[in-house]
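Thank you all for coming.

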Amino acid sequence: MIFKQFKIKFVFTLFITLILHSGLAVSQTNNKLNYYSLIDSAELYIDNNPKVSEQFLNSIPDPITSNIKDRLAHYYQLKGLINDVNDEAIKQFQNFSLALKYAKLEQDYDIAGMVSLELFLTLI
């Protein structure tokens with residue numbers, strides 16, 4: 001009789017433990033981090049401290065295209081502005097070109113206009 005009660009309690013405890021562990025595992029896999037705040041932080045520091053801004057942008061993990069979906073134009077625009085401060089003309093052109101590409105896809109015409117002007121000015 002005592003063994004039967006112990007067995008029932010053991011099975012019940014094991015069952016509850018499995019449910020809790022599986023629930024935690026499922027909840028952690030659906031938890032996607034929001035990296036948009038890093039883009040916003042980078043934008044805050046772009047004028048005063050571009051090195052800090054660059055650190056914010058570099059802390060976004062790869063693949064960039066899936067981690068900051070729908071903000072890629074803004075990301076590459078900021079990278080291009082940082083390249084402009086660092087006098088890296090080739091990287092600036094590449095990043096502004098990517099910003100223009102993604103601005104068209106995301107229909108962000110403000111960024112598309114700004115980046116188009118920057119590309120024009122780098123070609124003069």
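This is a predicted model: local features need pLDDT of at least 70, side-chain atom pairs count only at pLDDT 80 or more; totals for chains, interfaces and linings use all residues.

**Overall fold**

The protein has 7 helices and 0 strands, where helices (H or I, at least four residues) and strands (E, at least two) are DSSP runs numbered from the N terminus. Residues are numbered from 1 along each chain as its sequence is written, and side-chain values use heavy atoms, with hydrogens and water left out.

Read along the sequence, the pattern is α-α-α-α-α-α-α. Of the 124 residues, 27% count as buried; buried means under 20% relative accessible area, exposed means over 50%, and partly exposed is in between, with a 1.4 Å probe and protein chains only. Taking contact to mean heavy atoms within 4.5 Å, residues 24 or more positions apart account for 48% of the contacts with a separation of 6 or more.

**The core**

In soluble globular proteins, nonpolar side chains tend to be buried together. Here, the largest nonpolar core has 24 residues, and those with the most contacts inside it are I39, L57, I60, I68, Y75 and V115. By a nonpolar core I mean a set of buried Ala, Val, Leu, Ile, Met, Phe, Trp, Tyr and Cys residues joined through side-chain atoms within 4.5 Å. Helices α2 (36-45), α5 (72-85), α6 and α7 each supply at least two residues of this core, and α5 gives the most, with 6 residues.

Which residues does Y75 touch, not counting those up to four places away in sequence? Y75, which lies in helix α5, touches I39, L57, I60, I64 and I68 on that count. Y75 counts as buried because its relative accessibility is 7%. Y75 and Y36 are 39 residues apart in sequence, and their C-alpha atoms are 9.4 Å apart in space.

Turning to helix α6 (residues 89-106), we find L100 there, and its relative accessibility of 18% is why L100 counts as buried. Leaving aside neighbours within four places in sequence, L100 is in contact with A112, V115, S116 and L119. L100 and A73 are 27 residues apart in sequence, yet 6.7 Å apart in space, C-alpha to C-alpha.

**The salt bridge**

The structure holds 1 salt bridge, defined as a side-chain nitrogen of Lys or Arg within 4 Å of a carboxyl oxygen of Asp or Glu. The side chains of R71 and D40 form it, at 2.9 Å from N to O. The pair links distant parts of the chain, with R71 in the loop between α4 (64-67) and α5, and D40 in helix α2, 31 residues apart. R71 counts as partly exposed at 22% relative accessibility, and D40 is also partly exposed, at 37%.

**The surface**

The protein exposes about 9100 Å², and carbon and sulfur atoms supply 62% of it; accessible areas come from the Shrake-Rupley method with a 1.4 Å probe, and for residues only the protein chains shown count as cover. F120, L121 and I124 make a nonpolar surface patch of about 370 Å². Patches are made of residues with over 30% relative accessible area and no salt bridge, with like charges joined within 9 Å and nonpolar side chains (Val, Leu, Ile, Met, Phe, Trp, Tyr) within 5 Å. I124 lies in the segment after α7 (109-123), and I124 is exposed, with a relative accessible area of 71%.
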